[in-house]
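Student: Can we go through this one together? I would like to start with the charged pairs.

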Amino acid sequence: MNLVEQNRNRRMKGDAERPIYAHDTLEFVTVAAQYCAYLEESSGRQRDEFVQTMQKLLPLLYMKACMLPRVESNCDFLPDDRVTEDDYNWIRSIVADIMQDEDEYEEMASEDLGPEERRWMSVSENLADIYQALRNFVAVYQQRVEDCMNDALWVVADNFELYWGQALVDALRRLHQVRYSVRENDSEDTL
C-alpha cells in the first residue's frame, strides 16, 4: 500500500469514528433522502402502491433513527428550516389525494387527556410532519458543513424522540389498518 492510500484509509477511518460520518448516520441519511424523494414524486400514485411502500419505508426509517449516535450540540449552528409552509402543504396534499377517504381517522388520545378522549388525525399530516423534519436534516447534510451537520443530527434525533417518531408510529398503524381492513372485507364478501 502506497503512502497516498495509507493517508486516505487513515482519513476515512477517522471520519467514520465521528458521529456525523458514522455508518449508522450515513444509512439514516440515505433512508431519509429516499423517504423525502418518494413523497416528492408521489403525485398520482395509486393508494395500494403508496401504502405498501410506506409500510416498508417507515419501519426502516424508525429503525435507522433508533440507531443514530448520540451527539451534543452547543446550539451555535442550529439549522434553519428549509421546508416552507407551502412545501409542507404540498406534501400533505399529495398524500391526502392518495389516501382520499382513508386519510383522516379517529384515534384514542394520549394519556395526558381523559381516558375516553378521542382526536382526529390524518396520515397526510403525520407524513408531512416526518417529511419536514427529514427534509430539513437532509438539506443540511447536502451542504457538508460539519458543525451544521452535527447540530442537524442532534436536532433530528431529538425531534424523533419528541415528535416525529410518534407521528411515524401513528401513520404506520393507520396504513396497516387501511391495507388489511380491505382484505378482511373482501374475504367476508366471498364467504
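Tutor: A salt bridge here is a side-chain nitrogen of Lys or Arg within 4 Å of a carboxyl oxygen of Asp or Glu. This is a predicted model, in which local features need pLDDT of at least 70 and side-chain atom pairs count only at pLDDT 80 or more, while totals for chains, interfaces and linings use all residues. Residues are numbered from 1 along each chain as its sequence is written, and side-chain values use heavy atoms, with hydrogens and water left out.

Student: Which residue forms a salt bridge with Glu40?

Tutor: Arg135 does, with the closest N and O atoms 3.2 Å apart. Arg135 lies in helix H5 (residues 123-143) and Glu40 in helix H2, so the pair ties together parts that are 95 residues apart in sequence. Helices (H or I, at least four residues) and strands (E, at least two) are DSSP runs, numbered from the N terminus.

Student: Arg135 and Glu40, what is their relative accessible area?

Tutor: Arg135 has 22% and Glu40 has 27%. Both count as partly exposed, the class between buried (under 20% relative accessible area) and exposed (over 50%), with a 1.4 Å probe and protein chains only.

Student: How many salt bridges does the structure hold?

Tutor: Seven. One of them joins the side chains of Lys64 and Glu27 at 2.4 Å, N to O. Lys64 is in helix H3 and Glu27 in helix H2, so that pair ties together parts 37 residues apart in sequence.

Student: Is Lys64 buried or exposed?

Tutor: Lys64 is buried, at 11% relative accessible area, whereas Glu27 is partly exposed at 25%.

Student: What does Arg174 pair with?

Tutor: Glu102, in a salt bridge of 2.8 Å, N to O. The two are 72 residues apart, with Arg174 in helix H6 (residues 146-190) and Glu102 in the loop between H4 and strand S1 (104-108). Arg174 is buried, at 13% relative accessible area.

Student: Change of topic. How many disulfides?

Tutor: Zero, from a search of the whole structure; the criterion is a pair of cysteine sulfur atoms within 2.5 Å. Cys36 is buried at 3% relative accessibility, and Cys66 is partly exposed at 49%.

Student: And Ser42, where does it lie?

Tutor: In the loop between helix H2 (23-40) and H3. Ser42 counts as buried, at 0% relative accessibility. Leaving out residues up to four places away in sequence, Ser42 touches Phe50, Ile94 and Ile98, where contact means heavy atoms within 4.5 Å.

Student: Last one: what is the order of the elements?

Tutor: From the N terminus, α-α-α-α-β-β-α-α, with six helices and two strands.
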